[in-house]
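We will hop from one side chain to the next.

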Amino acid sequence: MMGLEFVSLSLPPLLIGIFAAIACALPGNFLLLRRQALIGDAISHVVLPGIVLAFLVTGVVSAWPMLIGAGAAALVTVLLIEVIRRVGRIEPGAAMGVVFTSMFAGGVLLLEQSDTSSVHLDVQHALYGNLESLIWLDGLGWASLLDWEALKGLPPELPRMFFTLLFVCAFIFLLWRPLKLSTFDEGFARTLGLPTGLIGLSLVVVAAIAAVAAFDAVGSIIVIAMFICPPAAARMMTNRLERQIGWSVVFATLSAVLGYVLAGYGPLWLGSDNAVSAAGMIATVSGVILGVAALAGPCRHRAGAPAG
């Protein structure tokens, strides 16, 4: 695995998987504590019609138009959820369910009824991404990492996910105190003059940006799993937010690495000649980690609740 071919065939998809997992897990911690974990699920579904519409308008499969279309669809969804919740006076979960299932169904219909199924944009790519195909043909060994001409041939998804991760980290670092206060005690944060509504909306927008950036490379399966599984597993490891963030990063990285390796080599170890989907295996590993944390995590009981 660590031969020369590792740099060109496995290093880029592995790094993209790790960056995508961490970028989704970081805002997922706050969404989970705010009881809004499913909004990441909603966003990962509703970007699909935006991506398809961007292709229909531009006629090409290009990163920036699709990112803009997906981002616009995500923002429309957030607004629709808020409008339905306030006008209908129903619970946020019900509003999310109505909006994201309708948007995803509309996206699938657009895919099947348009010419997008004949290009690199179909239902399978929407669900599982194209992680295995993100290879680096110019990467002829570890020395290529210091070769500027070779670096120009990197899959564009890699720098895109790297800068998205930097943006997510910068957002959490700069707004750490307001995010923490408004997450645990919104009323107290409001009395301090903090714009809690704007902070919550900013968190959702950042989560949408992370989901949109990850969507093209890794598909909606990983995005959904990474918004929920690593933060939920981390929550059962500690009652302190700082440590929960750290645990979630560890679990997200572990899921990406173990999932990618098991997808490629697991079937070979079992005597099969075929690999399995890396995105599906990464999501499966994250679910297994969550299951182990639920069984053995030191803080799997709610603070203050009687054990057992």
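Select Phe30 to begin: with a relative accessible area of 0%, Phe30 is buried (under 20%; exposed is over 50%, partly exposed in between; 1.4 Å probe, protein chains only). This is a predicted model, where local features need pLDDT of at least 70 and side-chain atom pairs pLDDT 80 or more, while totals for chains, interfaces and linings use all residues. Numbering starts from 1 along each chain as its sequence is written, and side-chain values use heavy atoms, leaving out hydrogens and water.

Rings of Phe, Tyr and Trp (its six-membered ring) pair if their centres lie within 6.5 Å, with planes under 30 degrees apart called stacked, over 60 edge-to-face and the rest tilted. That rule gives 4 aromatic pairs. One of them is Phe30 with Trp176, edge-to-face because the centres are 6.1 Å apart and the planes at 80°. Phe30 sits in helix H1 (residues 4–33) and Trp176 in helix H8 (residues 176–184), so the pair ties together parts 146 residues apart in sequence. Helices here are DSSP runs (H or I, at least four residues), and strands are E runs of at least two, numbered from the N terminus.

Next, pick Phe162 and Phe163: their ring centres are 5.5 Å apart with planes at 70°, so this pair is edge-to-face too. Phe162 is partly exposed at 34%, whereas Phe163 is exposed at 53%.

Finally, zoom out: the chain has 12 helices and 0 strands, and 47% of its 308 residues count as buried.
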